[in-house]
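Welcome to the tour! Open your viewer, get ready to select residues by number, and follow along stop by stop.

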Amino acid sequence: MRQSRKNEEKGHQPSNVKAQEAKRRKRVIRRRLGIDGKPEPMVTGIDFAPVHPMYLKCPLFTSVKNGNENSGALVDSFYTAPGYRTECRFVGPQALCIRDQSVLLALCQLGAQASQRILVEKDHPKWSLLAPLLQATGLGADASMIALTITGSQIAKIIGLNDSGTNSRSIEQSLQRLSSVVLHRAVSPLAGEQLSASKWQSNIIGYAPLAGNKKRVVLSAELTFRCIHHNGVSWVNMEEQRALASPPAKRLHAFLSAWASTSEIKCIGLDKLPAHIYGRGESEATAMKARRLAVRKAIAEIAALPGWWCEVLERTQQLRIRKPIFAGTLSVDAMALTDTAIALP
């Protein structure tokens, strides 16, 4: 008893406290320094959507009027995997807007949650009911797919909307537009690979309304694979998406989430960015001027987010950018805002 009191007087800690303190110190990660010499904030939490990067890098979603009937969706892209390259073409009756992008991100976040999804394979008892929703043919006709039974309010919460009738109708329209887009694929073996070329197609999502306010959604093969396995995936921070006010900023943020790096500063010409927000079509000089201004405002919005490092080089008309470090579930003080994000005019 006397010895215990002496230890307390001398500031001694019990052995279990010392062990906990040592364990805590081992978890400390060296913080990355910003241009101001201060530690940069690290992104924490699990509010992310795992997405196939092709959906974010190509201008499939554009800042146009919701469901613009004057221009359909026609976008070419590709992706590679060990041994082969897949040329892709998205074809749909209506152009997809930024709201449609937000809805797809929400579906991917829900699809990554084991409690929300059902993985449907060819021998699943519900295969014959769900497979027709994707209308897959060719090589991918028997590919596994994630099936979701969700409500519009779940999607609204993820993308930062009130659960109102207007928003419910908007989400319903987005699901209909997304389900009307067909992804055509042409698979070719890379040099030296002994694989046969093939073609196949499917809708990017399958959709069917259910009784009440429930909805059934099925994800395409590429989206399904990334939601389950997470390799070769782009993580989109949905908290950041909700914090961005303008549609161009939401679209640019999604593209940069797939293109930018956490380990190095990458550089891209400012004149290349409008195509990722508005599509690759020709535009008049006055429209292009307005789009360049919108790009700069979008960059400023993204630069204000914790951990994003942005700098515009006026002389070369380029954007230098690095995205935040994802630090899993570290303490909340990692989210403290510093001056490392440069808000641009």
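**Stop 1: helix 5.** What you have on screen is a predicted model. Begin by selecting residues 127-134, which make up helix 5. Which of its residues are buried? They are W127, L130, A131 and L134. Look down the axis of helix 5: these residues span an arc of only 105 degrees, so they sit on the same side of the helix.

Before leaving, click on Q135, which follows helix 5 and has a positive phi, near 55 degrees.

Stop 2: Next, find the open sheet, built from five strands in the order 3-4-8-9-6 with antiparallel pairing. Where are its edges? They are strand 3 (73-81) and strand 6 (137-138), each of which pairs on one side only. In general, strands of a sheet pair through backbone hydrogen bonds, either parallel or antiparallel.

Zoom in on strand 3 and strand 4 (residues 84-92): nine bridges join this antiparallel pair. For one example, select L74 and look across to V91, its bridge partner in strand 4.

**Stop 3: the cores.** In soluble globular proteins, nonpolar side chains tend to be buried together. The largest nonpolar core in this model has 43 residues. Select Y55, F90, L107 and I205, the residues with the most contacts inside this core. Then colour helix 4 (residues 98-111), which gives the most to the core, with seven residues.

A second, separate core has 24 residues, among them I277, A294, L305 and I321.

**Stop 4: A254.** Finally, select A254 in helix 10 (residues 247-259). Is A254 buried or exposed? A254 is buried, because its relative accessible area is 0%, and the cut-off for buried is under 20%. Beyond residues up to four places away in sequence, A254 touches L56, Q101 and Q241. Try the distance tool on A254 and L56: their C-alpha atoms are separated by 5.9 Å, although the two are 198 residues apart along the chain.

Key. Residues numbered from 1 in each chain as written. Predicted model: local features only at pLDDT ≥ 70, side-chain atom pairs only at ≥ 80, totals over all residues. Heavy atoms only, no water. Pairing = 2+ DSSP bridges. Helix = DSSP H or I, 4+ residues; strand = E, 2+ residues; numbered from the N terminus. Core = buried A, V, L, I, M, F, W, Y, C linked by side-chain atoms within 4.5 Å. Buried < 20%, exposed > 50% of the residue type's maximum accessible area, 1.4 Å probe, protein only. Arc of directions from axis to C-beta. Contact = heavy atoms within 4.5 Å.
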